[in-house]
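Here is a short briefing on one protein chain. Look at the structure first, then work through the points below.

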Amino acid sequence: MAGTPEHPITITPFVGEVIVLRDGIEVARTSRALALKEASYPVVFYVPRADADMGSFAPNSRTTHCPFKGDASYFDLPGAPAAVWSYETPIADVAEIAGHLAFYPDKVEIRS
């Protein structure tokens, strides 16, 4: 388990397929997603970059810091600024999310 006893983080392989669409256009599809459960927050799917259409993504200058995961960088999708985030070099406890992308569910449609 990563995080702390008060703020646990678990990461497990998701069994099934995850499809991410923006305005009906598929931007990612994978059967290799990771499901990250952090404290009381909803599960977040982390999709390998290799399974995303990176041509649809534009780097965004936004950055944030999470004490449990590290520094996040962001990407825009058409019409959806900062819709995607990634931990390029996450904290060792959550190292498996490196090379993966996560999506804000209010900016994309996530099917699982």
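Two residues are in contact when heavy atoms of theirs lie within 4.5 Å. By that rule, Gly70 is in contact with Thr64, His65, Tyr87 and Ile91, leaving aside its neighbours within four places in sequence. Keep in mind that this is a predicted model.

**Gly70**
- Gly70 belongs to strand 8, which covers residues 70-77.
- Is Gly70 buried or exposed? Its relative accessibility is 6%. Buried means under 20%, so Gly70 counts as buried.
- Ser86 is 16 residues away from Gly70 along the chain. The C-alpha atoms of the two are separated by 10.0 Å.

**Nonpolar cores**
- In soluble globular proteins, nonpolar side chains tend to be buried together.
- The largest nonpolar core here has 18 residues. Val20, Phe57, Leu77, Val84, Leu101 and Phe103 touch the most other members.
- Several strands each supply at least two residues of this core, among them strand 3 (18-22), strand 4 (25-30) and strand 10 (100-103).
- Which strand gives the most to this core? Strand 9 does, with three residues.
- Phe57 touches Val27, Ala52, Phe75, Asp76, Leu77, Val84, Leu101 and Phe103. That list does not count residues up to four places away in sequence.
- Another core, of 15 residues, lies apart from the largest one. Its members include Leu34, Tyr46, Ala72 and Trp85.

**Strand 6 and its partners**
- Four of the five residues of strand 6 are buried, so this strand is largely enclosed by the rest of the structure.
- Strand 5 (residues 34-38) and strand 6 run antiparallel, joined by three bridges. Leu36 stands opposite Val44 in strand 6.
- The two strands form a hairpin, with five residues between them. In the turn, Ala39 has a positive phi of about 50°.
- Strand 6 also runs antiparallel to strand 10, and two bridges join them. Leu101 in strand 10 is the bridge partner of Val47.

**The largest pocket**
- The largest pocket has a volume of about 380 Å³.
- It is lined by 18 residues. The closest to its centre are Tyr41, Pro42, Val44, Trp85 and Tyr104.
- Strand 5, strand 6 and strand 8 each supply at least two residues of the lining. Strand 6 gives the most, with three.
- How many lining residues are nonpolar, polar and charged? The lining has 15 nonpolar residues, one polar and two charged.

Conventions. Residues numbered from 1 in each chain as written. Predicted model: local features only at pLDDT ≥ 70, side-chain atom pairs only at ≥ 80, totals over all residues. Heavy atoms only, no water. Buried < 20%, exposed > 50% of the residue type's maximum accessible area, 1.4 Å probe, protein only. Core = buried A, V, L, I, M, F, W, Y, C linked by side-chain atoms within 4.5 Å. Pairing = 2+ DSSP bridges. 1 Å grid on protein atoms, 1.4 Å probe; cavity = no way out; pocket = protein on both sides within 12 Å on 5 of 7 lines; lining within 4 Å. Points joined across faces, edges and corners; volume = space filled by probe spheres on them. Nonpolar A, V, L, I, M, F, W, Y, C, P; charged D, E, K, R; others polar.
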